[in-house]
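Colleague: I am new to this structure and would like to learn how to read it. Could we take the helix pairs, then the confidence?

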Amino acid sequence: MALITYNSLLDVIHARVTSAAHLRPEVLPVEVGGETVHLDLPQARAALYERPVDEVLRREVWHRAVALGQHDALASAIGSTEVTGWVEAVVWLTLPHLRRVARQAAGRLGADRRDVESEVVLAVVERLAEVSVDDPDVGPDLLRAAGRRGWEFARRSASGGRPVEDIVAVADARTAASTEDLWELAISRPDRPDGLAAPLRLTSRSAVEGARLGELADHLGLREVVHRTHRPHRGPRLGSVSLRSTAVGR
């Protein structure tokens, strides 16, 4: 059985690109100052991110890489055998930014990092097909697209896991507010020394809660002294207990 070497899509892309024998061209020819400079992939990525940045060289690296990537995407789309591997190479050039987005978005919002990685890679590939090679901002455009997609996905994932109101409790509360029936659990003082000091009455406006109060009496072993009443005659109230959600007021 084959072993899974990596559990990160970005690591898989890094391994594939850095060991790719099918990458054509293997070096990136860029025009700088009227001369053609040939950069391998590590040199090309260093030109994009290392300080100090040569802005002219950085723009040329992005332009040439995007042009090769778009040609590779077109060849793949039409089923050509002339696939050069430059779509993955363009993604590889964005990896420092993609790793940072995935780490920060997943860490701050609690999204699954692997899912965020998939989203940012997809954003780069999709945007690669749309950008213009002549756009001087073409590289940062790819990075921004990846950043937006990663953070938006992480926010959606986080919102899907946030606590919400107890639907049953909300439904009961709405039923209680609309009904005039009053359900009560009246517990008389047991005729024994360790019994209640006074009768106890629990009140609810929900029929569902009335059944629950009956179950509570059974659980307490007080069924023999329980009287279920419907709008009974009331004596003076000595006190009350309010029950509310622990989430209220936090």
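Modeller: This is a predicted model. Start with helix α2 (residues 41-49) and helix α3 (residues 55-77), whose axes come within 8 Å and cross at roughly 130°.

Colleague: How do the directions of α2 and α3 relate to each other?

Modeller: Angles over 145 degrees would count as roughly antiparallel and 65 to 115 as roughly perpendicular, so the rest of that range is oblique. α2 and α3 are therefore oblique to each other, and their crossing is left-handed.

Colleague: Which residues of α2 and α3 meet?

Modeller: From α2 come A44, A47, L48 and Y49, which meet L57, R58, V61 and W62 of α3. Sorted by type, the residues of this contact are 7 nonpolar, no polar and 1 charged.

Colleague: What about α4 and α5, at what angle do their axes cross?

Modeller: The axes of helix α4 (residues 86-93) and helix α5 (residues 95-109) cross at roughly 60° and come within 5 Å. That makes α4 oblique to α5. V91, W92 and L93 of α4 make the contact with L95, P96 and L98 of α5. Its residues divide into 6 nonpolar, no polar and no charged.

Colleague: What pLDDT does the protein average?

Modeller: The average is 77, and 61% of the residues score at least 70. Over residues 176-180 the pLDDT is below 50, and this stretch has 4 contacts in the model beyond near neighbours in sequence. Residues 228-232 also stay under 50, with 11 contacts beyond four places in sequence.

Colleague: How should low values be treated?

Modeller: Where pLDDT is low, the predicted coordinates should not be read in detail.

Note on methods
Residues are numbered from 1 along each chain as its sequence is written. This is a predicted model: local features need pLDDT of at least 70, side-chain atom pairs count only at pLDDT 80 or more; totals for chains, interfaces and linings use all residues. Side-chain values use heavy atoms; hydrogens and water are left out. Axes are lines fitted to C-alpha atoms, for helices over the stretch in contact, and angles run from 0 to 180 degrees between N-to-C directions. Helices (H or I, at least four residues) and strands (E, at least two) are DSSP runs, numbered from the N terminus. Angles under 35 degrees count as roughly parallel, over 145 as roughly antiparallel, 65 to 115 as roughly perpendicular and the rest as oblique. A crossing is left-handed if the near helix is turned anticlockwise from the far one by less than a right angle, and right-handed if clockwise. Contact means heavy atoms within 4.5 Å. Ala, Val, Leu, Ile, Met, Phe, Trp, Tyr, Cys and Pro count as nonpolar, Asp, Glu, Lys and Arg as charged, and the others, Gly among them, as polar. pLDDT is the predictor's confidence in each residue, from 0 to 100.
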